[in-house]
Amino acid sequence: MNDPYAVLGVARTASEDDIRKAFRKLAKKHHPDLNPGDKAAEVKFKEISQANDLLSDREKRRRFDAGEIDATGQEVPPRGFYRDQAGGPGGAKYARAGAHESFVDMGGIFAEMFGDRRGFGGAGAGFDMSGLPVTYTLRVPFLVAARGGKQRVGLPGGKTLDIDVPEGAGDGQTLRLKGQGMPGANGGPPGDAYVELRVEPHAFFEARDNDIHVELPVTLAEAALGGKVRVPTVGGAVMLNVPAGSNTGTSLRLKGRGLLDRRSGQRGDQYVKLKVVLPDPPDEKLKAFLETWQAERPYDPRKAMEPFT
């Protein structure tokens, strides 16, 4: 992946708010839901999502800036002489002994700890050892996390597994897959796999705790006269009553239309912020009407700001 700062179009000194705004602007432009069938947009969306995952996490961003991890979040090998990283016979490592280089044979130590697990022999030969755990990161579409569903994850050796993403799953939540880790030694049971969920952003839904926030465009007539409009929710579209005389910024609540709180079993709410949108292209009749109407009924919506202007 390219430099995440360049991907989001922000400076390396950008604030968290700058990064969040840049990401949301790009996400709305390239989101697959708004670009059906556009593979280039899908690739771009994944790229900006990965960049945001890294830069929105303070610790990951610090480590990237320090050169400890790369743009994909992978560890960067420490710099140093070759001998600092080189291995000797039987898994030995170079180590300093005064002014000389020498090998430290770890065979006996591992034999005592694990029996014959690595082929060193010893009194503990035949001791069963459980397999090591493994960790993965799985990107989950917003609505799959909100509603629950199956998502495929790749395991070692090319194996794939369909896992159940629970309804209301949150970004950063970890799922445990029992027995899907590394195989055990000498007949020992396999370890577990731990899958960290990274919930992808949505084109217009935004989760804040268990509440959903969405900006809903409405016509001038719908705002001025009121009426029922269709609004999307994570559970499907519903009808919303817009009060007459609403303005851009008016916030309406849909009770129980948010995300499931798995601890309490309760659902959050959905908050709908209205945004009045004029016709595009401009309507000449509407323009002529407003010119006449304004001349007869002038008002100043910025009057309260006069002391500061």
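Student: Is Y299 buried or exposed?
Tutor: Y299 is exposed, because its relative accessible area is 61%; buried means under 20%, exposed over 50%, and partly exposed in between, with a 1.4 Å probe and protein chains only. Please note that this is a predicted model, in which local features need pLDDT of at least 70 and side-chain atom pairs count only at pLDDT 80 or more, while totals for chains, interfaces and linings use all residues. Residues are numbered from 1 along each chain as its sequence is written, and side-chain values use heavy atoms, with hydrogens and water left out.

Student: Which aromatic ring pairs with that of Y299?
Tutor: The structure holds four aromatic pairs (Phe, Tyr or Trp rings, the six-membered one for Trp, with centres within 6.5 Å; planes under 30 degrees apart are stacked, over 60 edge-to-face, the rest tilted). W293 and Y299 are edge-to-face because their ring centres lie 6.2 Å apart with the planes at 80°. W293 is partly exposed, with 31% relative accessibility.

Student: Where do F142, F204 and F205 come in?
Tutor: Those three are linked into a cluster by ring pairs.

Student: Changing topic: which salt bridge does R20 form?
Tutor: R20 meets D17 in a salt bridge, at 2.8 Å from N to O; the term requires a side-chain nitrogen of Lys or Arg within 4 Å of a carboxyl oxygen of Asp or Glu. By this rule the count is 24 salt bridges. Both R20 and D17 belong to helix α2 (residues 16–30), three residues apart, or about one turn; helices are DSSP runs of H or I with at least four residues, numbered from the N terminus.

Student: And how exposed are R20 and D17?
Tutor: R20 is partly exposed at 42% relative accessibility, and D17 is partly exposed at 31%.

Student: What about E196 and R198?
Tutor: They form a salt bridge whose closest N and O atoms are 3.5 Å apart. R198 is buried, at 10% relative accessible area, whereas E196 is partly exposed, at 26%.

Conventions. Helix = DSSP H or I, 4+ residues; strand = E, 2+ residues; numbered from the N terminus.
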